[in-house]
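Biologist: Here's a model I'd like to go through with you. Could you give me the overall picture and then zoom in on a single part?

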Amino acid sequence: MKEQTITFLIKCEDQMGLVAKITNFFYQEGFNILSCQQHVNKLESKYFMRIHVNARDVFLTNEELEAKFDKLARPLNIIWSVNYEATKKKVAILVSHTSHCLYDLLERQREGDLNCTVEMVISNHDKLRHVADMFDVPYYYMPVDKEDRGKQELELMEIIDKKEIDLIIMARYMQILSSDFIEKYPERIINIHHSFLPAFQGANPYQRAYERGVKLIGATAHYATKDLDEGPIIEQGVERVTHESTAKTLKRIGADIERLVLAKAVKWHLQNQIIVSDNRAIVFPEAGE
């Protein structure tokens, strides 16, 4: 095994001896444990671990490592996944009219803040092609036929599968994805949307928020599920506003929060810091690795 860092995400029923058994496995195989983060949900008796190891002195193939760990995991009923840092995740960004999240993600990726390759930008409009061109990212214009929405989704799935995309980011993609699409990519689609208190769904939410005189404005990033905007929440941000805020300033503040919240959620996913349990996302803090 070439020198690289590896992350295991682990979840199971809480039980005696888990930490000892798991850490001893990596010790016996010659791994150096860089960090080991844990969480126990005492209400549901569930255990979660993120363990980050260095494989510098290990003489195993990836397949041999996974087979050996699976042998440990099966009797403990551990559900696990492994991620190899040497393999960058492939990302597709879906957009419509709005550019602020797209610009931010592409800039962060170019500067090395997001450890991935952006394979494509896909849009149901041809408005943001120039943004993708600025970053030398392929742009796919895939309009939606209101009479046959399924056709566009089939084309979308075809190109995502052909490019072996690991993560799909809905960077203000203003189309509702079908259940079939979402269930094909579980925990691989991240969405961002505004969060008002009270909530305002539908068109022109900032104008409606202004009319109600909201005092809090924010954004939520979550994994997409078949239940619209109700998937596991990864990150949220909020900022207080006053009666002096106009619909225009609310929109600007909201865009700033959306950029930051989406970028955090994407980064945490790429760094394998998230374990989904039922409809909750356990997000481990970034460790000093």
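Predicted model: local features only at pLDDT ≥ 70, side-chain atom pairs only at ≥ 80, totals over all residues.

Biologist: How many helices and strands does the secondary structure of the protein come to? And for the close look, in what order do the 4 strands of the open sheet stand?

Modeller: The secondary structure comes to 8 helices and 13 strands, taken as DSSP runs (helices H or I, at least four residues; strands E, at least two) and numbered from the N terminus. Residues are numbered from 1 along each chain as its sequence is written, and side-chain values use heavy atoms, with hydrogens and water left out.

On to your sheet. The order is β2-β3-β1-β4, with antiparallel pairing; strands pair if DSSP finds at least two bridges between them. At the edges sit β2 (32-41) and β4 (79-84), each of which pairs on one side only. On average, neighbouring strands here are turned by 10° against each other, direction ignored. Strand β1 (residues 5-13) is joined to β4 by 6 bridges, the two running antiparallel, and K11 faces I79 of β4 across that pairing.

Two helices go with this sheet. Helix α1 (residues 18-28) lies across β1, β2 and β3 (46-54), at about 20° to β3. Helix α2 (residues 62-73) packs on the sheet too, touching β1 and β4, and its direction makes about 160° with that of β4. Those angles are between N-to-C directions of lines fitted to C-alpha atoms (for helices, over the stretch in contact) and run from 0 to 180 degrees.

Leaving aside residues up to four places away in sequence, K46 touches C12, E13, D14, H39, V40, N41, S277 and D278, a contact being heavy atoms within 4.5 Å.

Zooming back out, 47% of the 289 residues count as buried. Of the contacts between residues at least 6 apart in sequence, 66% join residues at least 24 apart. The C-alpha trace spans about 60 × 40 × 35 Å along its principal axes. The protein exposes about 15400 Å², 49% of it supplied by carbon and sulfur atoms, by the Shrake-Rupley method with a 1.4 Å probe.

Terms used: Buried < 20%, exposed > 50% of the residue type's maximum accessible area, 1.4 Å probe, protein only.
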